[in-house]
Amino acid sequence: MLTTPLVCALGLIGSVGALGPQESIEVVHQIEDPDALVARLDGRGRAIFADGDLLTFVAWSRAAEFELNNRLGADLKPHENDGYHLAQVRIERLDELLMSYEYLVGDETPGKGLQSWVGSLGPELFPGNEVLLGKTTRYALKSSAFGERRAVQVYEPVREGEEPLPVVYMTDGGAFDRYVGAVDRLIEQGRLAPLVLVGVHSGGYRGSRELLHSTDFDYRALEYLGGLGDERYTQHKRFLAEDVLPWVEQRHGASTERSARVLTGFSNGGAYAVTAGVEQSDLFGTVCAYSVAFFLEDALAEAAAGKELPRFRLAAGTLEHFMRGTRSAEKVLQAAGAEVELRSYVAGHDPLLWKVALLEDLIELFPGED
């Protein structure tokens, strides 16, 4: 089952009392009439069935190691000796569920083959162009703040004229490829105005994957969570402000206007987007932060005092504990006088949620001609 980085899962910084998931998931351990469920496959190798509040995964595999990677806690159970595997969960408002999942065989790397599933009343999933009309480029950008080269990816749409374009700066640039095809298609359809998308990669994890996770080597967490790694966090803010923004504006025609700049992130990156968005409020007109990891409330309130703050678009899943940090951010930012909107989705701590939320926000922030 797909796991959450230790620093987020334990909530090492910040505390928001009893705020938690709004809705629960019940994993069904004793599946009724598995033979009937297998029969419903009707010759298919795999299927997902939604019946009322009951979600069922049925899949066939002869592999010795075969598991379901998902954000709902569902684990596959073998059905006798015929190669079929089943998993069930009960979820409130299942017809609104937004979910990514994949089946893993052997030592396959999680996250490489994620698929999407949405209930009958769920949001649009925004499929992407497989062949882009715009272009993407990956750079190893020299950072004066870090004293090393860091990966940055840039999408630039087909453009008419030389007018600077709105720009979205993404933390966790490693997820850049999940978004760019959908952004390209929305621009092609006229639903989204042409904009520049920038994926700013973190320092990642630099410890041994074979040893117990250590926050000392989790450079992503150190750079995104100010209460955990003050030095790296400050360096990352400098990297974005002093290295990335001027370079993107000069090389890719991105706007220098605060109102046309968006900072976005999810999980640890969501916490960074909130805190850095406040602390560098002169740089960004909008902050889109999703499934916000835990942060220091008092420090955020102090940093926000007396500032002209960006507008904040927040989102989280009703089935994830990171609703806690997201609701906490809403509370602190509203108290500081910021314009804040918080949306909830029936979802876990899920990359599909973050993609849908960002694309919905961008369509509203920068609508196209249609």
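**Ground rules.** I'm working on a predicted model, where local features need pLDDT of at least 70, side-chain atom pairs count only at pLDDT 80 or more, and totals for chains, interfaces and linings use all residues. Residues are numbered from 1 along each chain as its sequence is written, and side-chain values use heavy atoms, with hydrogens and water left out.

**Sheet.** I looked up the strand order and got an open, antiparallel sheet of three strands, β4-β7-β8. Strands here are DSSP E runs of at least two residues, helices are H or I runs of at least four, and both are numbered from the N terminus. Two strands pair if DSSP finds at least two bridges between them. β4 (66-70) and β8 (115-118) are the edges, each pairing on one side only. From one strand to the next I get an average twist of 30°. Between β4 and β7 (residues 98-105) I find five bridges in the antiparallel sense, and L68 stands opposite Y103 in β7. Helix α9 (residues 351-365) lies across β7 and β8, at about 140° to β7. For angles, axes are lines fitted to C-alpha atoms (for helices, over the stretch in contact), and the range is 0 to 180 degrees between N-to-C directions.

**α7 against α8.** I checked how α7 (residues 297-304) packs on α8 (residues 323-335): the angle is about 30° and the axes are 9 Å apart. On the α7 side the contact (heavy atoms within 4.5 Å) uses E297, L300 and A301, and on the α8 side S328, K331, V332 and L333.

**Aromatics.** Rings of Phe, Tyr and Trp (its six-membered ring) pair if their centres lie within 6.5 Å; planes under 30 degrees apart are stacked, over 60 edge-to-face, the rest tilted. My count by that rule is ten aromatic pairs. Y233 is in α5 (residues 230-252) and Y272 in α6, so the pair ties together parts 39 residues apart in sequence. Buried means under 20% relative accessible area, exposed over 50%, partly exposed in between (1.4 Å probe, protein chains only). Y233 is buried at 5%, and Y272 is buried at 0%. I also noted one aromatic cluster formed by F57, F66, Y101 and Y103.

**N268.** This residue is in α6 (residues 268-279). N268 is buried, at 1% relative accessible area.
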